[in-house]
Amino acid sequence: MAAPGENLRINPDRLWDSLMEMAKIGPGVAGGNNRQTLTDADGEGRKLFQKWCEDAGMTMGVDTMGNMFMTRPGTDPDALPVYVGSHLDTQPTGGKYDGVLGVLGGLEVVRSMNDLGIKTKHPIVVTNWTNEEGTRFAPAMLASGVFAGIHDQDWAYERQDAEGKTFGDELKRIGWVGHEEVGARKDKMRAFFELHIEQGPILEAEGKDIGVVTHGQGLWWLQVTLTGKDSHTGSTPMPMRRNAGLGMARMAELVHEIAMKHQPAAVGAIGHCDFHPNSRNVIPGKVVFTIDFRSPDQGILDGMKAEFETCAPKIAEDLGLSVEIEPVGHFDPVTFDETCVSAIRSAAERLGYSHQNIVSGAGHDACWINRVAPTAMVMCPCVDGLSHNEAEEITKDWAKAGADVLFHAVVETAEIVG
C-alpha cells in the first residue's frame with residue numbers, strides 16, 4: 001500500500017469549527033455538554049452530523065441499534081470498507097471532545113479527501129456508535145457490543161434509565177431505529193480506526209503529540225455488600241459494634257494495596273457506595289459498594305480479582321460482618337491489530353509528530369470492534385488528563401495532530417488510487 005505524502009493534512013480550522021458547532025447542541029451548565037444518548041439533543045446532534053456527511057457526498061445507513069454509517073464510495077465496489085469513528089453521546093456533565101473528536105475527525109478525513117481529490121480503492125465509512133457512555137442506559141459501549149455479538153439486541157432494548165424508560169422505546173421515540181440488521185456489516189470490514197482524547201495525563205506530561213494505542217485495559221467490576229448491624233453511634237460500645245462502614249474502609253485500603261502491587265499499568269478503586277441507613281447518628285448496618293479493577297494483562301487482572309475475593313471475607317469476619325461479592329461487569333484486555341497500529345505509528349513518524357505507545361485506561365467502542373475486525377486507536381492529549389467533566393479541554397493543535405494521523409492511517413489502509 002502506498003503511503004500518503006507528508007504534505008497531506010486535514011483542515012484544522014474546519015475541524016475545530018465543527019467541534020464548536022456540535023457543542024452548541026445539548027449544552028451543559030459549565031461550558032461542556034449534556035447530550036446523553038437517545039435524548040432530543042442526541043437526535044439533534046445526529047441530524048447535524050447526517051447533514052454534514054451528506055453535504056460531503058456520503059450516503060447513510062442506520063442499523064436497528066441506531067448506529068450511523070456514512071459511506072464515501074471507493075473505486076472497487078467489492079472492496080471491504082475502512083471504518084472510522086466514535087460516538088456523539090456525552091456524560092450528563094461531559095466535555096466537548098470525548099467521542100465527538102473521533103466522529104468529526106472521521107468526517108474531516110472525508111472532507112479533506114474531497115478537497116484534495118483523493119480516491120481510494122476501499123470505501124470509507126464514518127461511524128457514530130449509539131450509547132458509548134452508558135450513563136443513561138448501562139452498560140457502556142452498548143450498541144457496538146450488540147454489533148460485535150457481545151450483547152443480545154432484545155436485552156439491550158430492555159435496558160432502563162433512572163426513570164424506567166427503555167432503550168428500545170427511546171430509540172424509537174427520537175426516530176433513529178434503522179432498517180439494517182445490527183451486526184450485518186461485522187464480517188465485511190477491512191479495518192476500524194478510532195481517534196479519541198486520552199482521558200488521562202500521560203501524553204501531556206510527556207510532551208507527546210500522539211498516543212499510539214497498542215492495548216486496552218480489561219476490567220472487573222465487583223459489587224460488594226457488607227452487612228452488619230444498625231446501632232446508635234453514641235450508645236453502642238466500640239467493641240460491640242458491627243460497623244459495615246469500617247469494613248468498607250478497610251476494603252478500600254485492600255483494593256489500593258492490590259493495585260499498587262502490579263504497577264505500572266494496573267489500577268483499582270472504589271467508585272460508588274451506598275451507606276444504609278445513611279444517618280449521621282447511626283452506625284451503618286449495610287454498605288453496598290463497587291470496585292473497578294483494570295489491567296492490560298489478563299493474568300494480573302484476574303489475579304487482582306482473586307486476591308480481593310480471598311482477603312475481603314477475612315476482613316469481614318474480623319469485624320463480625322457478612323459479605324457478598326458479585327461480578328457485575330467484565331471485559332478482557334484488548335490487543336489491537338498490529339498492522340493497524342503500525343499504520344498509526346508510521347503516520348505519526350511521517351508527519352513529524354512526537355508519539356509514544358500507550359495503553360487505553362478507558363473502554364471504547366474500538367475494544368468491541370476489535371473482536372470482529374482489525375482495529376486500532378490514536379489518541380491526542382487533553383489538559384490535565386481531565387475528562388467526563390465539563391472543563392475537559394484540548395488545543396486546536398492537538399486536535400489537528402490526531403486528525404492528521406487518522407487521515408494518513410485511514411487513507412493508506414483504504415489504498416489511494418491514481
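Does Arg294 count as buried or exposed, and at what relative accessibility?

Analyst: Arg294 counts as buried, because its relative accessibility is 14%. (Buried is under 20% relative accessible area, exposed over 50%, partly exposed in between; 1.4 Å probe, protein chains only.) This is a predicted model, in which local features need pLDDT of at least 70 and side-chain atom pairs 80 or more, while totals for chains, interfaces and linings use all residues. Residues are numbered from 1 along each chain as its sequence is written, and side-chain values use heavy atoms, without hydrogens or water.

Start with the partner. The side chain of Arg294 meets that of Asp292 in a salt bridge, at 2.9 Å from N to O. (That is a Lys or Arg side-chain nitrogen within 4 Å of an Asp or Glu carboxyl oxygen.) Asp292 is partly exposed, because its relative accessible area is 23%.

Now the strand. β12 covers residues 286-295, and seven of its 10 residues are buried. (Pairing takes at least two DSSP bridges.) Strand β8, residues 218-227, runs antiparallel to β12 and is joined to it by 10 bridges. Within that pairing, Leu226 has Val287 as its bridge partner. Strand β10, residues 267-276, is also antiparallel to β12, over nine bridges. There, Asp274 stands opposite Val288.

Next, the nonpolar cores. (A core is a set of buried Ala, Val, Leu, Ile, Met, Phe, Trp, Tyr and Cys residues joined through side-chain atoms within 4.5 Å.) The largest one has 98 residues, and Phe49, Leu104 and Phe193 have the most contacts inside it. Helix α12, residues 396-414, gives the most to this core, with 11 residues. Apart from it lies another core, of 23 residues; Leu254, Val287, Phe293 and Leu319 are among them. In soluble globular proteins, nonpolar side chains tend to be buried together.

All seven residues of β6 (191-197) are buried, so the rest of the structure largely encloses it. Ala191, Phe193, Leu195 and Ile197 point one way, while Phe192, Glu194 and His196 point the other. In a regular strand, side chains alternate between the two faces of the sheet. The pairings of β6 are parallel. Strand β3, residues 82-86, is joined to β6 by three bridges, with Val84 facing Phe193 as bridge partner. Strand β16, residues 375-380, pairs with β6 over six bridges, and Cys380 in β16 stands opposite Ile197.

Back to charge. Across the whole structure there are 19 salt bridges. Asp115 and Arg14 form one, with their closest N and O atoms 2.7 Å apart. It links distant parts of the chain: Asp115 sits in helix α3 and Arg14 in helix α1 (residues 12-23), 101 residues apart. Asp115 counts as exposed, because its relative accessibility is 51%. Arg14 is partly exposed, at 21%. Arg46 and Asp42 are both buried. Finally, a network of salt bridges links Asp40, Arg136, Asp161, Glu170 and Arg173.

Methods:
Helices (H or I, at least four residues) and strands (E, at least two) are DSSP runs, numbered from the N terminus.
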